[in-house]
Amino acid sequence: MDVFFANIRQSIRHGTLERDAESFGRAFERNLPISTGKGPRLRGYQVKSGRAEPRRNPRAYRSLEDAPERLAEAPLPSPNADAEHLAQQGFAEKAI
């Protein structure tokens, strides 16, 4: 930012501010890009919602109540398993 404003002061001193501003405008977009994301995450204390209103953001976590059953059903990989074996079991993906 220091260099940016130093260059503006230098343009004013040399009388080339308008020409330099036009050059800057050609190099950089004048308008902000259209937002494509969902926006910042809203916290509970920031939103006043009624019972009929849907959630503004999806839940970040899911219930772990059934985790012990799911983990008991999952096959354990052997301690000597390599990445190929883990990928075949659906445990992980091998980075290529």
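**Note on the helix pair and its pocket**

1. The second largest pocket has a volume of about 190 Å³, where a pocket is an open set of points on a 1 Å grid over the protein atoms alone at which a 1.4 Å probe fits, with protein on both sides within 12 Å along at least five of seven lines, and the volume is the space filled by probe spheres set on points joined across faces, edges and corners. This is a predicted model, in which local features need pLDDT of at least 70 and side-chain atom pairs count only at pLDDT 80 or more, while totals for chains, interfaces and linings use all residues. Residues are numbered from 1 along each chain as its sequence is written, and side-chain values use heavy atoms, without hydrogens or water.

2. In the contact between the helices (heavy atoms within 4.5 Å), Phe4, Ile8, Ser11 and Ile12 of α1 meet Leu17, Asp20 and Phe24 of α2.

3. Helix α1 has 13 residues and reaches 18 Å from its first C-alpha to its last, close to the 18 Å expected at 1.5 Å a residue, the expectation being 1.5 Å times one less than the number of residues; just after α1, Gly15 takes a positive phi of about 75°.

Methods
Helices (H or I, at least four residues) and strands (E, at least two) are DSSP runs, numbered from the N terminus. On a 1 Å grid over the protein atoms alone, a cavity is a set of points where a 1.4 Å probe fits but cannot get out, and a pocket is an open set with protein on both sides within 12 Å along at least five of seven lines; lining residues have an atom within 4 Å of a point.
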